[in-house]
Amino acid sequence: IFLEGAKPLKKHVIPLMAAGLFLWWGSTKNFLVFHAFTEVWSVVIACFIGVLGLIPSRGQRNTLAAGLSVTYLAVAVIGVFHMLAYRGTGMFPGNSENPATQFWVLARYLESFGLMATVLFHRRRGFLPLLAAAAAGFTALGTAMVFQGHFPDAFLSGTGLTIFKVASEYVVSVALLFTSLLIYLSKDASVRPFREALLGSLLLTVGSELLFTLYRDVYGVTNMAGHLLKVASFYVLLVGVVIKT
């Protein structure tokens, strides 16, 4: 199906729904396996976005796809830490939900503002090296802060989501909606062919973010639905933008 990315996005609705139902069923059997599976696929799709978008098409690199690639390669790195830090995997002492949630917040800030920067500045000279440096620095600094205990708490046992986590999800959602508006109004010839896919991916991500303001149990239904929407948003971006360029 990856090789059929030039088809309209509606061609992918049935496969996405089937995959979503299968993953939902899996989450009712073993949530930790479900989470690992969805995160692995998110990382794999993000890596596809990262590699394919940096390959020059017809001798000329598409800077919009390249900007998405840089952003999602960094998101993939943080996604691996999020998966490994999830409660029950034993990566962090104390079996806490907090580190995985902190990595989630870190990845969503990087994703939302990386997308915004790409849409706004992808035609500027020197954009790609600057974005790569900023993404690498943000990833390294944020990851170090989580490991050293300096990143703001995002989930506390007994009380659930912190104000920082909920506020961050709303900040990310506003940034994504602002980027969606930029895309919708854009007259840029390099954006118009991918408007449907970009808007679809961004709105799926907003839905995911809003669901992640509601959950109290990291193994709950709301958490599961948020992860499914995230995987769908990555997939739409891959088949609708990166492979299509």
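Colleague: In what order do the elements of the protein chain run from the N terminus on?

Modeller: The protein chain of this predicted model contains eight helices and two strands. Read from the N terminus on, the elements of the protein chain follow the order α-α-α-α-α-β-β-α-α-α.

Colleague: What share of the contacts with a separation of 6 or more is between residues 24 or more positions apart?

Modeller: The protein chain has 245 residues, and 49% of them count as buried. Among contacts in the protein chain with a separation of 6 or more, the share from residues 24 or more positions apart is 74%.

Colleague: Which residues have the most contacts inside the largest nonpolar core?

Modeller: The largest nonpolar core comprises 48 residues. At least two residues of this core come from each of H2, H3, H4, helix H5 (127-148), helix H6 (163-185), helix H7 (195-211) and H8. Inside the core, the residues with the most contacts are Ile-49, Tyr-72 and Leu-198.

Colleague: Which residues does Ile-49 touch, not counting residues up to four places away in sequence?

Modeller: Ile-49 is one of the residues with the most contacts inside the largest nonpolar core. With residues up to four places away in sequence not counted, Ile-49 touches Leu-68, Ser-69, Tyr-72, Phe-234, Leu-237, Leu-238 and Val-242.

Colleague: Is Thr-71 buried or exposed?

Modeller: Thr-71 is placed in helix H3, residues 63-85. Not counting residues up to four places away in sequence, Thr-71 touches Leu-110, Glu-111, Gly-114, Leu-115, Thr-118 and Leu-131. Since the relative accessibility of Thr-71 is 1% and the cut-off is under 20%, Thr-71 counts as buried.

Colleague: With which residues is Thr-179 in contact, leaving aside its neighbours within four places in sequence?

Modeller: Thr-179 lies in helix H6 and counts as buried, at 1% relative accessibility. Once its neighbours within four places in sequence are left aside, Thr-179 is in contact with Ser-112, Leu-115, Met-116, Val-119 and Leu-202.

Colleague: What distance separates the C-alpha atoms of Met-224 and Thr-38?

Modeller: Met-224 belongs to helix H8 and counts as buried at 5% relative accessibility. Along the chain, Met-224 and Thr-38 are 186 residues apart. The separation of their C-alpha atoms is 9.5 Å.

Colleague: Why does Val-239 count as buried?

Modeller: Val-239 has its place in helix H8. The C-alpha atoms of Val-239 and Ala-197, 42 residues apart along the chain, are separated by 8.2 Å. Val-239 counts as buried because its relative accessibility falls under the cut-off of 20%; the value for Val-239 is 0%.

Colleague: Which residues of the lining lie nearest the centre of the second largest cavity?

Modeller: The lining of the second largest cavity consists of 13 residues. Two or more lining residues are given by each of helix H2 (31-53), H3, helix H4 (98-121) and helix H8 (221-242). By class, the lining has seven nonpolar, three polar and three charged residues. Nearest the centre of this cavity lie Glu-39, Val-75, Gly-79, Arg-108 and Lys-230.

Key: Residues numbered from 1 in each chain as written. Predicted model: local features only at pLDDT ≥ 70, side-chain atom pairs only at ≥ 80, totals over all residues. Heavy atoms only, no water. Helix = DSSP H or I, 4+ residues; strand = E, 2+ residues; numbered from the N terminus. Buried < 20%, exposed > 50% of the residue type's maximum accessible area, 1.4 Å probe, protein only. Contact = heavy atoms within 4.5 Å. 1 Å grid on protein atoms, 1.4 Å probe; cavity = no way out; pocket = protein on both sides within 12 Å on 5 of 7 lines; lining within 4 Å. Nonpolar A, V, L, I, M, F, W, Y, C, P; charged D, E, K, R; others polar. Core = buried A, V, L, I, M, F, W, Y, C linked by side-chain atoms within 4.5 Å.
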